[in-house]
Amino acid sequence: MNKLKLILGDQLNINHSWFKENNSKITYVMMEVKEETSYVLHHAQKIIATFAAMRFFAEQLQQKGFEVIYFKINDKQNKQSFYQNINKTIKEKNIGELQYLEPDEYRLSTELKKLESIENIKVESVDTEHFLVPKLYAKDFFSEKKHWRMEEFYRNMRKKFSILMEEDKPIGGKWNFDSDNRKRWNGSPNTTEDFRPSHNHEKLFLEINNENIEHFGEGQETSFHWPISREESITLLNNFIAKDLVNFGDFQDALHDENWRLFHSFLSFSLNSKMLSPLEVIKKAEEAYYEKDLPLASVEGFIRQILGWREYIRGVYWANMPGYDQHNFFKHNAKLPDWYWTGKTDMRCLALSISQSLANAYAHHIQRLMVTGNFALLAQVHPDEVDRWYLGVYADAVGVQLPNTRGMSQWADGGIVATKPYVSAAAYIHKMSNYCEGCKYDKKKRVGDDACPFNSLYWNFLDDKKQYFAKNNRMAMMLRLLEKIPPTELADLKERAYKIISNPDEY
């Protein structure tokens with residue numbers, strides 16, 4: 001029986017068991033389809049990176065002797081639909097069985113289930129062999145608990161995979177060194193060079209544009225820096241471990257206008273497209289701790305993002321879908337400011353973070369959470385708009401990114417992911433960055449035309465939402481500070497906040 005096996009653009013795992021042996025009765029199919037470029041407006045580099053990595057992977061399979069049918073975006077025979085392209089291939093190749101790797105996204109999982117309606121074909125989904133635990137592992141782990149907590153899940157994962165452990169105890173006597181990972185960077189130590197590869201994808205970008213695929217951001221087709229192969233991803237990993245991991249822990253939350261990357265790894269695209277496996281990245285970092293005597297706080301902090309947070313967020317997603325994408329706990333309905341698409345705002349922290357995102361299709365977690373996400377939450381933007389922007393702008397935003405935005409960033413899930421909203425006034429941004437220097441707005445002022453908008457928005461948010469937090473111990477200190485603000489000053493704060501919320505594009 002002839003078999004057809006579908007590989008999606010974020011399933012580029014050359015070590016999958018599918019490829020351990022060749023079989024002349026098996027054909028693999030990959031496709032670039034417009035329906036996957038249009039469900040949200042995507043950054044040009046996200047589209048380029050995905051297509052370039054897919055094409056390289058297909059060529060790699062072909063060089064190994066596998067039969068691969070590849071639909072390029074501009075192929076005349078491309079029906080621009082998974083279902084139609086597969087149906088066409090089944091008829092042409094006399095296929096009796098279809099297999100596909102399980103998608104990481106509910107939307108795609110629902111779409112691919114339609115393939116089961118094809119007559120006289122056996123259809124089966126297969127595990128991607130990428131994540132460390134099954135997608136419902138977290139749901140089972142917390143089945144008898146009232147609340148989910150990432151830290152509890154993370155400790156279980158440390159034990160389960162024996163990572164940074166001495167028998168049943170964590171190395172260093174602590175599970176989590178997050179409190180050591182919050183230093184401000186002032187230019188020292190210097191960061192190393194950007195180890196990402198350089199590509200010229202001008203021809204591919206031209207194909208994308210000729211097909212009238214809408215996109216935004218800078219394409220950088222002549223100087224493109226995302227890895228498109230496992231080999232490039234391993235080089236990136238090795239350089240990060242050798243040069244940057246030592247300082248990652250101290251400065252992982254830092255922001256600076258002269259160094260947008262600092263000590264971050266840029267491995268998220270490689271991981272989310274499955275060119276790298278999470279366990280090999282974790283093991284590489286753990287080995288460096290033992291062999292290179294790297295700071296435990298740096299190694300643990302990096303490992304926690306992958307072993308803990310990444311696996312946990314996936315668990316949250318699948319335990320709450322369908323329906324998680326409908327949460328709007330605060331009933332926010334404001335529009336996302338237009339300058340999220342241009343970076344043209346007088347608020348310097350937002351201008352820097354958004355301009356960087358538009359230029360590089362990348363921002364690290366504090367820029368996403370405490371700058372762009374913080375403002376959107378304080379400005380009471382509808383979480384649908386925030387989800388779409390985050391999903392579109394970042395090259396690594398594939399699969400189960402939803403709980404990171406709707407849950408962690410916007411607290412629209414009412415506390416499923418995080419125990420409290422991550423909101424702040426200007427003080428936090430100033431503490432962790434030099435972004436406030438030279439800004440039109442004064443970080444210390446609460447009211448007045450030159451006062452930082454974050455300040456009035458922050459106190460207005462706490463006052464508007466205080467009824468939601470009456471029983472939230474983690475919000476108690478902030479609410480006590482709110483109570484100390486004189487009523488007349490609070491009224492002035494709220495008046496300015498409402499002006500910003502009603503017309504944020506003026507700021």
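Helices (H or I, at least four residues) and strands (E, at least two) are DSSP runs, numbered from the N terminus. Touching, or contact, means heavy atoms within 4.5 Å.

Before you click on, two notes about what you are looking at. This is a predicted model, in which local features need pLDDT of at least 70 and side-chain atom pairs count only at pLDDT 80 or more, while totals for chains, interfaces and linings use all residues. Residues are numbered from 1 along each chain as its sequence is written, and side-chain values use heavy atoms, with hydrogens and water left out.

Two strands pair if DSSP finds at least two bridges between them.

Pick L101, and look for its bridge partner V126 in strand 6.

**The largest cavity**

A search of the whole structure finds five cavities of 30 Å³ or more. On a 1 Å grid over the protein atoms alone, a cavity is a set of points where a 1.4 Å probe fits but cannot get out; a pocket is an open set with protein on both sides within 12 Å along at least five of seven lines; and lining residues have an atom within 4 Å of a point. Grid points are joined across faces, edges and corners, and a volume is the space filled by probe spheres set on the points.

The largest cavity holds about 420 Å³ of space. Select G9, E36, Y39, T50 and V398, the closest to its centre of the 27 lining residues. Which helix gives the most to this lining? It's helix 1 again, with five residues. Helix 3 (106–113) also supplies at least two. By class, the lining has 14 nonpolar, six polar and seven charged residues. Here Ala, Val, Leu, Ile, Met, Phe, Trp, Tyr, Cys and Pro count as nonpolar, Asp, Glu, Lys and Arg as charged, and the others, Gly among them, as polar.

**The second largest cavity**

Move on to a volume of about 100 Å³ in the second largest cavity. Of its 14 lining residues, R348, C349, C436, C439 and C452 are the closest to the centre. Helix 11 (348–360), helix 15 (426–432) and helix 16 (453–465) each supply at least two residues of this lining. It divides into eleven nonpolar, no polar and three charged residues.

**The second largest pocket**

Now for an open space: the second largest pocket, with about 390 Å³. Select E105, R107, D325, L391 and L402, the closest to its centre among 18 lining residues. Helix 13 (383–393) is one of the helices that supply at least two lining residues, and its four are the largest share.

Jump to the peptide bond from S188 to P189, which is cis, with omega near 0°. P189 is in the loop between strand 8 (169–170) and helix 6 (202–210). The bond from M321 to P322 is cis too, with omega near 0°.

Then pick L164, where phi is near 50°, a positive value in a residue other than glycine. Is L164 buried or exposed? It is buried, with a relative accessible area of 0%. Buried means under 20% relative accessible area, exposed over 50%, partly exposed in between (1.4 Å probe, protein chains only).

Last stop: L237, in helix 7 (230–251). L237 counts as buried because its relative accessibility is 3%. Leaving out residues up to four places away in sequence, L237 touches L267, L276, V281 and K284.
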